[in-house]
Amino acid sequence: MTNKSDGAWWKGAVIYQIYPRSFADANGDGVGDLAGITAHLDYVASLGVDAVWISPFFTSPMADFGYDVSDYCDVDPVFGTLADFDALVARAHALGLKVLLDQVWAHTSDQHPWFKDSRASRTSAHADWYVWRDAKPDGSPPNNWQSVFGGPAWTWDARRGQYYLHNFLKEQPQINGHNADVQAALLDVARFWLDRGADGYRLDALNFLMYDPAFPDNPPATDDGPRTRPFDFQEHRYNQSHADIPVFIERIRAVFDEYDDRFTVAEVGGTDSDRERKLFTADDRRLNSSYGFDFLYAPALTPAVVAEAVTKWPDEAGVGWPSWAFENHDAPRAISRWVAPEHAPEVRGAFARMKMLLLGALRGNPILYYGEELGLTQVDVPFELLQDPEAIANWPLTLSRDGARTPMPWKHDAAQLGFSTVQPWLPLGGDHGTLAVDVQEADADSLLHWTRAVLALRRDEAALRLGGFEVLHADDALLVFARPYRNDRVVCVFNLSPEPQVWAGAADLSRLISIGVNGADFAPYGALVARKD
């Protein structure tokens, strides 16, 4: 079978995620916007990435900062206008960058006109566009399903005299993905932005789109994971991951195939994410790629974690193409998660370089989160300044999403580090001034310049972009893998520990790029990408 994706721009592409509230504020209100992104696209292009993924900027009351959409086909005024979006796309395309949008289709805002009409009457035009159920005889919710953000996944609505489902905030009512009219409306949304020049979509929480219409109780969880929310106590067998989701995905793919060179990547979380990611990307007739939380919530970066995640995606016919992220807007900054704070700055710096090279060497699409190229650390946002509803609800056992969403530091000596002229919506990181773009631009040995070197190597080496993945060695500290492609073979060696290591095989390699390597000796977090002589 000839794979339609062979040679596509997105295969092996590097994607740069921008959280628009925090990237750059062009109008001086303390919140980032589309014009701010456009003004800094030259910087983004200079990194050597292929595409930008922009988190939601659609009209929203901001209960979950844009992941609660009240109008899928317009820009929220805090971010600008449709004309600002058009200008962003034009500038990105002029720089050779693709533009990916974040589509939130599993739920809307409770302020969306669809939901307002749905809650108004059981016979309204949108009555069945959301998930409504009668109370049990005792008035309690229809079943035991729990919300990701805490508490029951059902909220009573007096207007309809029924409960509605929400897998996240109560302000994010669940779309009835089984409804054919809902599916048609979502596909129209897809066409709207594709017609305006969008190059693809990241599809948020896609496995929540459909549920078991019999509404059975979820069974108790049997894994040994942490239990910090009621959601964690259940096996999510019935409130998500319905077997009809891949059928709708094929309709999504058919819409994208109406356009040239478009790309789709799904976010798929949960304990069954590996199976679902493969299901959602199977046989080049569904989505192009997917990513999960293999690294985003991993407590440590170890050879076993990397090898297990990547080898699940073999270079075989029918198996989809993976994407990988070490950081994003939902997880704490990786350098703060994976390096002990007592380690010396030079050790933390070596780790940041090793981590960047590892991300660039993996098979799949690397997703780079804004500021990751600077080594931004997690910001400890005090309770009184928290904005994230999940962080507030689960304090102090929080995912600290706000701490990974703080403003981008552009200039070390400017007001608000060059992000804005006024107090930003979240506090700046205390150490982020020393990590600012202008500081690192002036330092040839900075992580920023190292990132550019890594991405340039990936762009030049087809084996790194498109090759297979073979684990050659993995112990508690060292990970060695090969990236074979046609007649080429690149070998990658990583010391994932803070202790020196030795790998004798390095003597037979001709290095392409390295850090902390002297012959067979690998310094703490030393790494090497090379060819065999």
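This note goes through selected side-chain interactions and elements of a predicted model.

1. On conventions, residues are numbered from 1 along each chain as its sequence is written, and side-chain values use heavy atoms, with hydrogens and water left out. Because the model is predicted, local features need pLDDT of at least 70 and side-chain atom pairs count only at pLDDT 80 or more, whereas totals for chains, interfaces and linings use all residues.

2. The count of salt bridges comes to 37, a salt bridge being a side-chain nitrogen of Lys or Arg within 4 Å of a carboxyl oxygen of Asp or Glu. One of them joins Asp42 to Arg91, with the closest N and O atoms 2.9 Å apart. This pair links distant parts of the chain, since Asp42 belongs to helix α2 (residues 41-46) and Arg91 to helix α3 (residues 82-94), 49 residues apart; helices (H or I, at least four residues) and strands (E, at least two) are DSSP runs, numbered from the N terminus. Asp42 is partly exposed at a relative accessible area of 41%, and Arg91 is partly exposed at 31%, where buried means under 20% relative accessible area, exposed over 50%, and partly exposed in between (1.4 Å probe, protein chains only).

3. In the pair formed by Arg286 and Glu250, the closest N and O atoms are 3.0 Å apart. Arg286 is buried, with a relative accessible area of 10%, while Glu250 is partly exposed at 28%.

4. In the other pair, Asp284 and Arg253 have their closest N and O atoms 3.2 Å apart. Elsewhere, salt bridges that share partners join Asp64, Arg229, Asp232, Asp330, Asp388, Glu390, Arg401 and Arg405 into one network.

5. The count of aromatic pairs is 40; rings of Phe, Tyr and Trp (its six-membered ring) pair if their centres lie within 6.5 Å, and planes under 30 degrees apart count as stacked, over 60 as edge-to-face and the rest as tilted. Trp105 and Tyr201 form an edge-to-face pair, 6.3 Å centre to centre with 75° between the planes. Trp105 is in the loop between β5 (98-103) and α4 (113-120) and Tyr201 in strand β9 (residues 200-203), 96 residues apart. Trp105 is buried at 1% relative accessibility, and Tyr201 is buried at 0%.

6. The ring centres of Phe149 and Phe168 are 5.6 Å apart and their planes are at 70°, so this pair is edge-to-face. Phe149 is placed in the loop between β6 and β7, and Phe168 in the loop between β8 (162-165) and α5 (180-195), 19 residues apart. Phe149 is buried at 8% relative accessibility, as is Phe168 at 13%. A separate item is the aromatic cluster formed by Tyr16, Phe23, Tyr43, Tyr369, Tyr370 and Trp410.

7. Two charges are placed over Trp rings, the criterion being NZ of Lys or CZ of Arg within 6 Å of the ring centre and within 35 degrees of the ring normal. Arg277 lies over the face of Trp324 at 5.2 Å from the ring centre, and the charged end of Lys278 sits over the ring of Trp313, 4.6 Å from its centre.

8. Leu301, in the loop between β11 (289-291) and α8 (303-311), is buried with a relative accessible area of 7%. Not counting residues up to four places away in sequence, Leu301 touches Phe295, Val306, Trp338, Phe351, Met354, Leu358 and Leu496, contact meaning heavy atoms within 4.5 Å. Helix α10 (residues 345-361) is largely enclosed by the rest of the structure, because 14 of its 17 residues are buried.

9. Gln146 sits in the loop between β6 (132-133) and β7 (154-157) and is buried at 16% relative accessibility. Leaving aside neighbours within four places in sequence, Gln146 is in contact with Gly151, Pro152, Ala153, Pro230, Phe231 and Gln234.
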